[in-house]
Amino acid sequence: MVVIRLARGGAKARPFFNIVVADKRTRRDGRFIERIGFYNPIATASEESIRIAQDRLTYWRSVGAQASPTVERLINQAAAKAA
C-alpha cells in the first residue's frame, strides 16, 4: 500500500518535515517514491509554513494512496489558507 506521510528532517529541537509518498512498509525517514511538499512547524510570520503540490496530491490519491491523519489535517489547513 502507498501512503502519504511526513518524513522528519531538520536538526535537534528544530523540526522540518517533508510530505512524501512512500510504501507503507518503509521506515519513516527511509526511502520514498516522491516528495510532494513540506511542513515547517516553527516558521516565522515571514516564512512559508506549508506547501503541497496539489496536482501531485490529486494524482496519488487517484491511484489509491492514503494520507496519514496528520497529513490530512495539514492538507485541510493549507486549503483553508489558500481560500
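**Entry 1: the hairpin**

I started at glycine 10, whose bridge partner in β2 is proline 15. A word on my ground rules: this is a predicted model, local features need pLDDT of at least 70, side-chain atom pairs count only at pLDDT 80 or more, and totals for chains, interfaces and linings use all residues. Residues are numbered from 1 along each chain as its sequence is written, and side-chain values use heavy atoms, with hydrogens and water left out.

Strands and helices here are DSSP runs numbered from the N terminus (strands E, at least two residues; helices H or I, at least four). I call two strands paired if DSSP finds at least two bridges between them.

Together β1 and β2 make a hairpin with two residues between them. In that turn I noted alanine 13, which has a positive phi of about 65°.

**Entry 2: the sheet**

Next I asked in what order the strands of the sheet come. I read β4-β3-β2-β1-β5, an open sheet of five strands with mixed pairing. The edges are β4 (50-52) and β5, each of which pairs on one side only.

The parallel part I checked is β1 with β5 (residues 66-67), held over two bridges. Valine 3 has glutamine 66 as its bridge partner in β5, and isoleucine 4 stands opposite alanine 67.

Then I turned to helix α1 (residues 54-62), which lies across β1, β2, β3 (34-39), β4 and β5. The helix runs at about 125° to β3; axes are lines fitted to C-alpha atoms, for helices over the stretch in contact, and angles run from 0 to 180 degrees between N-to-C directions.

**Entry 3: the core**

For burial I use relative accessible area: buried is under 20%, exposed is over 50%, and partly exposed is in between (1.4 Å probe, protein chains only). A nonpolar core is then a set of buried Ala, Val, Leu, Ile, Met, Phe, Trp, Tyr and Cys residues joined through side-chain atoms within 4.5 Å.

The largest such core has 17 residues, and the members touching the most others are Ile4, Ile19, Ile36, Ile52 and Val71. I found at least two core residues from each of β1, β2, β3, β4, α1 and α2. The most come from α2, which gives four.

Not counting residues up to four places away in sequence, isoleucine 36 touches Ile4, Ile19, Val21, Arg51, Ile52, Ala53, Arg56, Leu57 and Trp60.

Valine 21 sits in strand β2. Is valine 21 buried or exposed? I get 0% relative accessibility, so valine 21 counts as buried. With neighbours within four places left aside, its contacts are Val2, Val3, Ile4, Phe32, Ile33, Glu34, Ile36 and Trp60. I also took a C-alpha to C-alpha distance from valine 21 to serine 46: 28 Å in space, for 25 residues in sequence.

**Entry 4: aromatic pairs**

How many aromatic pairs does a search of the whole structure find? I count three, with rings of Phe, Tyr and Trp (its six-membered ring) pairing if their centres lie within 6.5 Å; planes under 30 degrees apart are stacked, over 60 edge-to-face, the rest tilted.

Phenylalanine 16 and phenylalanine 38 are stacked, because their ring centres are 5.6 Å apart and their planes are at 20°. This pair links distant parts of the chain, β2 and β3, 22 residues apart. Phenylalanine 16 is partly exposed at 28%, and phenylalanine 38 is buried at 11%.

Tyrosine 59 and tryptophan 60 make an edge-to-face pair, 5.2 Å centre to centre with 70° between the planes. Tyrosine 59 is partly exposed at 39%, while tryptophan 60 is buried at 12%.

**Entry 5: serine 49**

Last stop: serine 49, in the loop between β3 and β4. Serine 49 has 16% relative accessibility and therefore counts as buried. Its side chain makes a polar contact with the side chain of lysine 81 at 3.0 Å. For that term I need a pair of N or O atoms within 3.5 Å; within protein, one must be able to donate a hydrogen and the other to accept it, and residues adjacent in sequence count only if both atoms are side-chain atoms.

Leaving aside neighbours within four places in sequence, serine 49 is in contact with Phe38, Tyr39, Asn40, Ala43 and Lys81. I also looked up arginine 73, in helix α2 (residues 69-82).

Notes: Contact = heavy atoms within 4.5 Å.
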